[in-house]
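Got your viewer open and your selection tool ready? Let's take a short walk through this model, one stop at a time.

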Amino acid sequence: MPVAASAIYFLNLRGDVLINRTYRDDVGGNMVDAFRTHIMQTKELGNCPVRQIGGCSFVYMRISNVYIVIVVSSNANVACGFKFVVEAVALFKSYFGGAFDEDAIKNNFVLIYELLDEIMDFGYPQNLSPEILKLYITQEGVRSPFSSKPKDKPVPNATLQVTGAVGWRREGLSYKKNEVFLDIVESVNLLMSSKGNVLRCDVTGKVLMKCFLSGMPDLKLGLNDKIGLEKESEMKSRPAKSGKTIELDDVTFHQCVNLTRFNSEKTVSFVPPDGEFELMKYRITEGVNLPFRVLPTIKELGRTRMEVNVKVKSVFGAKMFALGVVVKIPVPKQTAKTNFQVTSGRAKYNPSIDCLVWKIRKFPGQTESTLSAEIELISTMGEKKSWTRPPIQMEFQVPMFTASGLRVRFLKVWEKSGYNTVEWVRYITKAGSYEIRC
């Protein structure tokens with residue numbers, strides 16, 4: 001269910017109404033007094049951003065020295081309400097030269113009322129894209145004298161963006177060199193036992209694009225996902241090509257993707273926005289290729305000594321390498337002295353986080369490195385509490401490697417003028433929550 005806002009208020013830190021807009025008549029005009037009395041004056045602003053008072057819900061957020069309050073009288077989508085506030089503030093900033101505060105609101109009353117009428121209709125959010133709204137709301141806001149952001153150039157031909165289906169891209173774009181940059185960025189989340197058994201593992205990924213294309217191009221992206229390959233072979237009446245296929249879970253797309261075509265043909269086709277954007281997000285839970293395996297051995301020798309041995313193996317290809325590898329090995333709080341040796345990289349004891357921090361700038365594939373440490377502990381007279389042994393944590397980045405096995409089979413660009421396009425594809429895998437129990 002969408003927001004269905006009854007009213008929206010802009011308040012300063014004292015609770016004074018700077019500007020407000022009522023979209024429905026199902027709430028009284030004194031609702032802002034209830035917000036001021038029950039929330040602002042009781043100093044409960046930081047407890048919860050959603051409060052119910054007198055049968056109405058208040059969804060509020062503080063931006064700079066302004067509170068934006070949405071009043072709803074029905075069961076509304078709160079997440080949609082917060083997203084509306086964030087995008088509305090971004091819209092105001094684009095008109096005000098990057099500033100949004102009490103002074104900016106006071107200097108732009110007329111413009112804000114005009115924008116509020118466009119971005120919400122009868123309480124339902126509408127188009128909040130600054131690029132589109134500036135095509136037909138051409139009034140310039142009073143810019144902050146401290147803003148260094150250059151003024152946006154006026155863009156002609158607003159008809160397609162206002163009434164057409166491609167509201168995220170304007171016509172008339174032209175580049176000397178037409179390029180498309182595609183990045184597949186994955187984060188590996190792992191929990192492994194001390195014996196090397198995987199307890200939990202998944203991959204979350206994003207397909208990021210940066211397009212510098214002239215005209216109104218139509219792009220088609222092919223991945224090695226199982227459903228897409230099966231649908232393609234079915235439509236072409238030929239057996240599917242051999243090779244690794246993956247199953248994508250929880251896929252979400254940018255609004256530019258043609259969902260009708262995706263549902264029928266399982267093809268990711270789209271007219272891209274200009275510049276950088278996130279094309280899709282996905283998750284993988286099966287067949288994850290772990291970039292590293294960690295084998296820890298920790299021995300407690302009495303109450304004053306410990307021995308730590310950690311072996312890290314890189315599982316990816318020998319021609320690849322990982323960058324910025326950091327291994328954080330937890331030690332007890334009563335650690336007094338450490339003495340360690342490493343086969344590569346550098347290590348040191350960080351008492352602020354109670355860890356041995358082992359850093360390797362460049363870790364080649366199909367190799368292994370070890371850390372051996374002797375730890376002296378302070379003997380305490382009180383009752384000894386057993387050490388909980390927190391998990392070992394890893395940080396890394398592996399270029400040109402995907403833990404899910406996702407690959408781009410093709411990226412086709414079609415535009416009626418028939419220009420040549422240069423496509424760049426890059427893969428990056430990094431650690432999300434990469435933990436190994438000791």
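Start by selecting Glu415, in the loop between strand E22 (408-414) and strand E23 (422-436); strands (E, at least two residues) and helices (H or I, at least four) are DSSP runs, numbered from the N terminus. Before you zoom in, know that this is a predicted model, where local features need pLDDT of at least 70 and side-chain atom pairs count only at pLDDT 80 or more, while totals for chains, interfaces and linings use all residues. Residues are numbered from 1 along each chain as its sequence is written, and side-chain values use heavy atoms, with hydrogens and water left out.

What does the side chain of Glu415 reach? Show Met216: its backbone nitrogen is 3.2 Å from that side chain.

Glu415 is buried but has no salt bridge, and the nearest side chain of opposite charge, Lys416, is 5.6 Å away. Buried means under 20% relative accessible area, exposed over 50%, and partly exposed in between, using a 1.4 Å probe and protein chains only. A salt bridge needs a side-chain nitrogen of Lys or Arg within 4 Å of a carboxyl oxygen of Asp or Glu. Lys and Arg count as positive, Asp and Glu as negative; His and the chain ends are not counted.

- Select Glu395 and Lys328, whose side chains meet in a salt bridge (3.3 Å, N to O). This pair links distant parts of the chain, with Glu395 in strand E21 (residues 392-399) and Lys328 in strand E16 (residues 321-330), 67 residues apart.
- Next, pick Asp354 and Lys333, joined by a salt bridge at 3.2 Å, N to O. Which one is buried? Asp354 is, because its relative accessibility is 16%, whereas Lys333 is exposed at 69%.
- Then try Arg305 and Glu307, where the closest N and O atoms of the salt bridge are 3.9 Å apart. Arg305 is partly exposed at 35%, and Glu307 is partly exposed at 25%.

Last stop: jump to Tyr113 in helix H4 (residues 109-119). Tyr113 counts as partly exposed because its relative accessibility is 34%.

Notes. Polar contact = N/O pair within 3.5 Å; in protein donor to acceptor, adjacent residues only side chain to side chain.
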